[in-house]
Amino acid sequence: MYDIDKQAYIATTSDNQSICLIPKMANRHGLITGATGTGKTVTLQTLAETFSQMGVPVFAADAKGDLSGVACVGGNKNSVKERVASYKLEERGFDYQKFPVQFWDVFGVDGIPIRAQVNDMGPLLLGRLLNLNDTQSAVLTIVFKIAKDKGWEIIDFKDLQKTLEDVGNNAKEYTTNYGNISAASIGAIQRGLIALDHDGIAQFFGEPDLNIDDLMQTDGDKGVINILHAEKLMHSPKVYSTFLMWLLTKLFEVLPEVGDMDKPKLVFFFDEAHMLFSDAPKALVEKVEQTVRLIRSKGVGVYFISQTPSDMPDSVLGQLGNRIQHALRAYTPKDQKALKAAAQSFRTNPKFSTETAISELSTGEALVSFLDAKGAPQEVERAFILPPQSQIGPIEASERDQMIKGSLLYRFYAEAIDRESAYEKITTLRENTLSEKEEKELEKTQAAQKKEEEKRRKEQERIDKAEEKAKEKAAKERQKMFTGLAKNVFVPLAKTVVNALVGTKGKKRK
Ligand SMILES: Nc1ncnc2c1ncn2[C@@H]1O[C@H](COP(=O)(O)OP(=O)(O)OP(=O)(O)O)[C@@H](O)[C@H]1O
Ligand SMILES: [Mg+2]
């Protein structure tokens, strides 16, 4: 709670000492650890409320749906009421209240759909999502480069699928300029996409994609608590952790440098953080380490939540200044080792043994060490985390639904938009190429037909001419015959007739 003295009051010791987080040091990150059921989520809720009261927006992934109660007025549990009375919290300004919440959900069911452009994710995180090895990731990088050079925007899954298909089909054409594109690697990426599609993750890629400013809102004096419903997303640990890492990277890229501020601009809670680091390639661990280190000066505080500090790589652990350790159980030698390591990560307090205390802590009790005003870790204290002012446990589904649909952002993000991008551009390009080919084919057939017709015409002409000649010849023959006949038959005959006639007359005259 943010108390009447404007202190971020987080926990109280058995001798009524208040443990407060220094707002200026809240961007030096933090870690909340502990075994199952020891109070991690409630601690997160108390911290988130405190930041919200300070006017600092919060982003938190809700692994089990139980953080959603922060949107409802608290006091629903006797354990809370008893603590409020015994710690005399009302005197310090404790007030059962609800907090402004924005629900988000990759699947668009228990929150506003949260989307990213494939382009935006970058090959390292995408390679992890698609389960690619180094060679396959290198091919994916080439595919992105080709798409960029061609002006094909890869926004959604369909765009990536089409680009892969096209680059695969025309691999030879690209090899000289971009390097080897093996069919096996293209196949592996395509298989990765099918698997993600099967898990329903495809809808995460598209537009309208998340505008980071929408996570940094205030409602009156309070910072909005953005809750990512992660129950379903958790079934794919790689997808879940890569998604949160993408968000962190995006925050880092978009936000300006602000140096040290009086309080953070945003606090980011990364629940089930071990999922990010199990099987993580070296490049990814380096990226996390670098992002966490540099995001501090952009005013963002990152708080990881996990079972033990051993879940985190040392390079990241070393940067998490504000620590809350709930109880750990040491059943196996491995547990004992983790417990010892957890104890050693605190600055000791001569009043008690850290190691013994960790195994004795009750629910909601923790070992706490926040940074002092100079940024140095304070001595560890054994303390009770204050109960939240909002409801412990999940919100009613109908109430959540009403809040989602009533949100101003709902109208903007609810429906996906599919504008012209790689898929449409490649489809048009290949259709045009096809019709060009068809046109050439048609021209060729028409030319052949024309040639054939010309040949036939000439042949006909030749035949006609020959017939004409034959006719002329025949006519001439006939003429000749007729002339011959006239000369040899008709003329003598005529003469004979004339003579005969003349002869008769003469005789008569005589
Ligand atoms: N500070 C607290 N004040 C009041 N009650 C608390 C507090 N911390 C924990 N509790 C009680 O203990 C229960 C379990 O706590 P919580 O859900 O935070 O555990 P967790 O460590 O997150 O468990 P898991 O690992 O299963 O997520 C809560 O539902 C609540 O009833
Ligand atoms: Mg929990």
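## Ligand shell

Around ligand 1 there are 19 residues, of which Gly39, Lys40, Thr41, Val42 and Gly364 come nearest; a residue is near a molecule if its C-beta atom, placed from the backbone, lies within 6 Å of it. By class, the shell around ligand 1 has 5 nonpolar, 9 polar and 5 charged residues. Here Ala, Val, Leu, Ile, Met, Phe, Trp, Tyr, Cys and Pro count as nonpolar, Asp, Glu, Lys and Arg as charged, and the others, Gly among them, as polar. Helices α1 (40-53) and α2 (78-86) each supply at least two residues of this shell.

This is a predicted model, in which local features need pLDDT of at least 70, side-chain atom pairs count only at pLDDT 80 or more, and totals for chains, interfaces and linings use all residues. Residues are numbered from 1 along each chain as its sequence is written, while chains are lettered from A and ligands numbered from 1 in the order in which they are written.

## Overall form

The chain has 16 helices and 14 strands, which are DSSP runs (helices H or I, at least four residues; strands E, at least two) numbered from the N terminus. Its radius of gyration is 45 Å, well over the 24 Å that the globule rule gives for 510 residues, so the chain is more spread out than a compact globule. That radius is taken over C-alpha atoms, and the rule is 2.2 Å times the number of residues to the power 0.38. Along the principal axes, the C-alpha atoms fill a box of roughly 190 × 45 × 40 Å.

## Domains

An automatic or database assignment gives the domain bounds: domain 1 (8-115 + 207-327 + 391-413), domain 2 (124-200) and domain 3 (420-510). The centres of domain 1 and domain 2, taken over C-alpha atoms, are separated by 34 Å.

## Strand β11

Strand β11 (residues 300-306) is mostly covered, with 7 of its 7 residues buried; buried means that 20 or more other C-beta atoms lie within 10 Å of the residue's own, with C-beta atoms placed from the backbone. Val300, Val302, Phe304 and Ser306 point one way from β11, and Gly301, Tyr303 and Ile305 the other way.

| Partner of β11 | Bridges | Direction |
|---|---|---|
| β3 (residues 30-33) | 4 bridges | parallel |
| β10 (residues 266-270) | 5 bridges | parallel |

Ile32 stands opposite Ile305 in β11, and Phe268 stands opposite Val302.

Definitions and conventions:
A residue is buried if 20 or more other C-beta atoms lie within 10 Å of its own, exposed if 12 or fewer, and partly exposed in between; C-beta atoms are placed from the backbone. Two strands pair if DSSP finds at least two bridges between them.
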